[in-house]
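Dear colleague,

Please find below the structure that I am handing over to you, followed by an account of what was found in it.

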Amino acid sequence: MLKHVRIILAVICFMAITALFVDFTFTAAHGWGWLAKWQFMPAVLSANVMVLAILIAATLIFGRVYCSILCPLGVLQDIISWIRGRSNKRARSRFRYLNNAPWLRITVLALFVASICIGLTHLALFIEPYSAYGRIAGSLIKPAYVEANNLMASTQGPDDYTFYAVENYLSAGAIIVASITFIIIAVLSWINGRIYCNTICPVGTILGYMSRFSWLKPVIDTDKCIKCGSCARKCKASCIDFKNEEIDYTRCVACMDCIGACSKNAISYAHPSKTATKSESEKADSGRREFLTISALLAGSAVLHAEEKNVDGGLAKIIDKVKPVRHTPVTPPGSNSHDNFFKKCTACQLCISSCPNGVLRPSSDATHFMQPEVSYERGYCRPECTRCSEVCPTGAITLIDVAEKSSRQIGHAVWVKENCLPYNDGTSCGNCARHCPTGAIVMTALNPDDAASPKVPAVNTELCIGCGACENLCPARPFSAIYVEGHERHREI
């Protein structure tokens, strides 16, 4: 019964979180976008005390139910392992007890926390489960879904939004990283179930050592156990030592598979007996020391961090736009500053999947690899859109409304005279001025003292909010004659 309840809840959460990355209509984010904020590391980086308290309390009561129900990467591993079991009857009981490797888990966690503390969050979070799954869903599942939707829509006539959307998510770097991540996860899961969770995953290590002290957990009744090994052969966490009638609770993910596998009802999900032998007490003391070490690492990190193709008339292809070299990168409205954005962003790419204008895409810059960057070759940041701030689970992009966005300057436009396209009389086309939503660009005489002087764009940096409409709509190729230079700290105007 418990196993079936766990499976139902896990499937619901997995499908809901996948929908957040796949759905380009944004209905999923409005319906259950809160699920992203209930992921462990996003809650840590955003200092979401309430969520962290509930997740820790749930772990101390029920064990690692987060890993078996809420974590999408954990459920993905279960699905892959289940597929192998369905394809091969022998593989259904292929697991066996493996010796714990605490030194490996602690080392990986220590490196993970140290990387975050020294500002290498974008590298550390390559092994964080929620972010890893986000890259898989956003870069592999979503493009396939959009392409399938396009194929169906093409029979009824083109849908500009749908056909445009697929171009926003096909990034070579993102696809390569997501593919490598998926292959590693799939191979490990195919071979031995939850081995990634119990050797590499930092969240699994943290919650694993907490779960040693959980109130409820699978318990072996030594009077009933006949040491047949059925439970160990079904344990995808490889944590049941049936010969010694012991369970390594740091690796147990509370999947309940062992309970159903035991023909003697020797395993139950209950509170362990309060009586303990001396050796068990020594193990408990050792576990407490490990738990305090993990807690200290986690607390330290929490304190430190509380190409669209253009065509001429639909006939001839013209040169694609090239991203300008910005001295300061542009970060999304609501991120407030580079320091806040790059330290808290887990590169899960949920904001990229939710951006309807193609402004956000994974960065190829080594210092912020795979974290979102703002660029305007495919679209511009429309003043009425606040989707990225609504879905960000970590606080890297804080929630803002339309009025706040329109009064917040994330950068300013810079005119490049050498790239500007003049008309026959030497006057610039004025496209940037016509489409500027804040009126920050006006056409002025190049020589104020000459009445016949050609007109060129002039930027009022006090009014410019850095939306990129001018850069995106500039007809100059390959480089726009006007581009947005970012601000390290956003300003109110």
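How many of the residues of helix 13 (residues 202–211) are buried? Helix 13 is mostly covered, with 10 of its 10 residues buried; buried means under 20% relative accessible area, exposed over 50% and partly exposed in between, with a 1.4 Å probe and protein chains only. Among these buried residues are P202, V203, Y209 and S211. Helices here are DSSP runs (H or I, at least four residues), numbered from the N terminus.

Please note that this is a predicted model, in which local features need pLDDT of at least 70 and side-chain atom pairs count only at pLDDT 80 or more, while totals for chains, interfaces and linings use all residues. Residues are numbered from 1 along each chain as its sequence is written, and side-chain values use heavy atoms, with hydrogens and water left out.

Helix 5

The buried residues of helix 5 are V51, L52, L55 and T59. They lie on the same side of helix 5, because they cover an arc of only 100° around the axis, the arc being that of the directions from the helix axis to the C-beta atoms. V49 and M50, on the other side of helix 5, are exposed. The cover over the buried residues of helix 5 includes helix 3 (34–37), helix 4 (40–45), helix 6 (65–70) and helix 13. Just after helix 5, G63 has a positive phi of about 90°.

Nonpolar cores

A nonpolar core is a set of buried Ala, Val, Leu, Ile, Met, Phe, Trp, Tyr and Cys residues joined through side-chain atoms within 4.5 Å. The largest has 74 residues, and those with the most contacts inside it include F40, M41, F112 and Y376. Helix 1 (residues 2–22) gives the most to this core, with eight residues. Apart from it lies another core of 16 residues, among them I220, C231, I240 and I267.

Aromatic rings

The whole structure holds five aromatic pairs, counted where ring centres of Phe, Tyr or Trp (its six-membered ring) lie within 6.5 Å; planes under 30 degrees apart are stacked, over 60 edge-to-face and the rest tilted. The F14 and Y133 pair is tilted, because the ring centres are 5.4 Å apart and the planes stand at 55°. F14 lies in helix 1 and Y133 in helix 10 (residues 129–153), so the pair ties together parts that are 119 residues apart in sequence. F126 and F369 form a stacked pair, at 6.0 Å centre to centre and 25° between the planes.

Yours sincerely

How values were computed. Helix = DSSP H or I, 4+ residues; strand = E, 2+ residues; numbered from the N terminus. Contact = heavy atoms within 4.5 Å.
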